[in-house]
Amino acid sequence: MESSTLAALIRRYINDELTETELSALLETLRTDEHREQWDTAMAALLQDTTAHGHTDPATLEKVWERLQPPPPAIHRPRSLHTIRKWVAAAALLAGVAAGTYYFTQQYTPPVKPASKPATSTSLAVKPGTNKAVLTLADGTQVPLDSTGSGALALQGNSRITQQRNGQLTYTANGNASTTLQYNNLHVPRGGQFRITLSDGTKVWLNAASDLHYPTSFGPGDRRVELSGEAYFEVAQQANHPFKVVVNSSEVQVLGTSFNVSAYGDEAFTRTTLLEGAVKVKSLQGEARLRPGQQAQIHTGGQITVKDDVDMDEVVAWKNGYFQFNHEKISGVMNQLSRWYDLDVTYQGTIPDREFGGHISRSSSIEDIIRILELSKIHVKVDNKKITVMP
């Protein structure tokens, strides 16, 4: 295959324009040594074409080139079309690389040299999170939950609690609301996630390391729940009964809307992001009304700042099964990884001040995550449930 043809195939693959036949031809270029020179020539031509990426700085191009080198075929033979994304996705995101931002992609699996394999044998015991939680009933009884159980669990007040196999808990109101509220608590540990439908029909997705405290059925006044951690809400509309989420010393009040609240103790501030409808965020220092696409950030002293044009995909990526980052520092990346993979994170030395962007499936193995970090010159070591980040 001529290098010009190969370059054209790479370009068309980036734009998702390849036919099955062309895709097979492109895959074949990564299987044998005889095509390595053609691959190098094609990639060099692509890098030098400023219409593709807009950069001519030699130092930048050299760094990018180092990250685009295909692995030795004898060691890394591609098994599907997804494995070649580690090359073409990098070429498509050169602007981010040139700006110091390193990108994940959905099926991105960077090459690993046998002499410097980043993952230790103990990392094999680290698994992605699953649907799991612990339900604490009003009398203190604790019920472990996962993806396998199903059926009625208990009666609490005027609500029947049912677990479904897809990692979901449902409260169904039976008759009129009780004048005496009974409260349950749903705890999602690190390495877990869970869904719950409250008695009023409000749906809540809970992220790892989160707690939701709520009544088994709501009374005649405000519908009020308490949250720590992160949750996505789809609130059932009841105009005469406002829905309120209490987070630390702040409160989110809604009438009928979709929004995400992130309130982890190890984060700098609490974030409430509105997707649909309208919410009012209140703190000790004031309040702010949000419109869709805005995010209220409540800082330690209670000060509220409002951020416009928030990346909604990034905010709810966890709910949809992805990690998604947009100029995220390594500390932010590691916070999310520690919760989902149930890892304790420590840092050694001076960690490069780099940013990350893009997305990767939350079902990815910890080895895949480590390889991506290694490609960005972030070195990590996994030992049982501890991950150490090194320069």
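To set the scale, how much accessible surface does the chain have, and what share of it belongs to carbon and sulfur atoms? And which residues lie closest to the centre of the largest pocket?

Modeller: Happy to! The model is predicted, so local features are taken only at pLDDT of at least 70 and side-chain atom pairs only at pLDDT 80 or more, while totals for chains, interfaces and linings use all residues. Residues are numbered from 1 along each chain as its sequence is written, and side-chain values use heavy atoms, without hydrogens or water.

Your surface question first: the chain exposes about 18300 Å² of accessible surface, with 47% of that belonging to carbon and sulfur atoms (Shrake-Rupley method, 1.4 Å probe; for residues, only the protein chains shown count as cover). Of its 391 residues, 46% count as buried (under 20% relative accessible area; exposed is over 50%, and partly exposed lies in between, with a 1.4 Å probe and protein chains only). The fold has 10 helices and 25 strands, which are DSSP runs numbered from the N terminus (H or I for helices, at least four residues; E for strands, at least two).

Now the pocket. The largest one holds about 760 Å³ of space, a volume filled by probe spheres set on grid points that are joined across faces, edges and corners. A pocket here is an open set of points on a 1 Å grid over the protein atoms alone, where a 1.4 Å probe fits and protein lies on both sides within 12 Å along at least five of seven lines; lining residues have an atom within 4 Å of a point. There are 36 lining residues, and Arg-271, Gln-295, Glu-314, Glu-328 and Gln-336 are the closest to the centre. Two or more lining residues come from each of strands E15 (258-263), E16 (270-276), E19 (295-298) and E21, and from helices H8 (312-315) and H9.

E21 gives the most to this lining, with 7 residues. That strand, residues 322-329, also holds His-327, a non-glycine residue with a positive phi of about 55°. His-327 is partly exposed, with a relative accessible area of 44%. Asp-342 has a positive phi near 55° without being a glycine, and at 25% relative accessible area it is partly exposed.

Beyond its neighbours within four places in sequence, Phe-259 is in contact (heavy atoms within 4.5 Å) with residues including Phe-233, Val-252, Leu-274 and Val-279. Phe-259 is also among the members that touch the most others in the largest nonpolar core, a group of 38 residues; Leu-135, Leu-169, Leu-186, Tyr-214 and Phe-233 are too. Such a core is a set of buried Ala, Val, Leu, Ile, Met, Phe, Trp, Tyr and Cys residues joined through side-chain atoms within 4.5 Å. Strand E12 (residues 223-234) contributes the most to this core, with 4 residues. A separate second core has 24 residues, including Leu-337, Ile-360, Ile-372 and Val-380.

Ile-372 is also one of the buried residues of H10. Because 9 of the 10 residues of that helix (366-375) are buried, H10 is largely enclosed by the rest of the structure. Just after H10, Lys-377 has a positive phi of about 65°.
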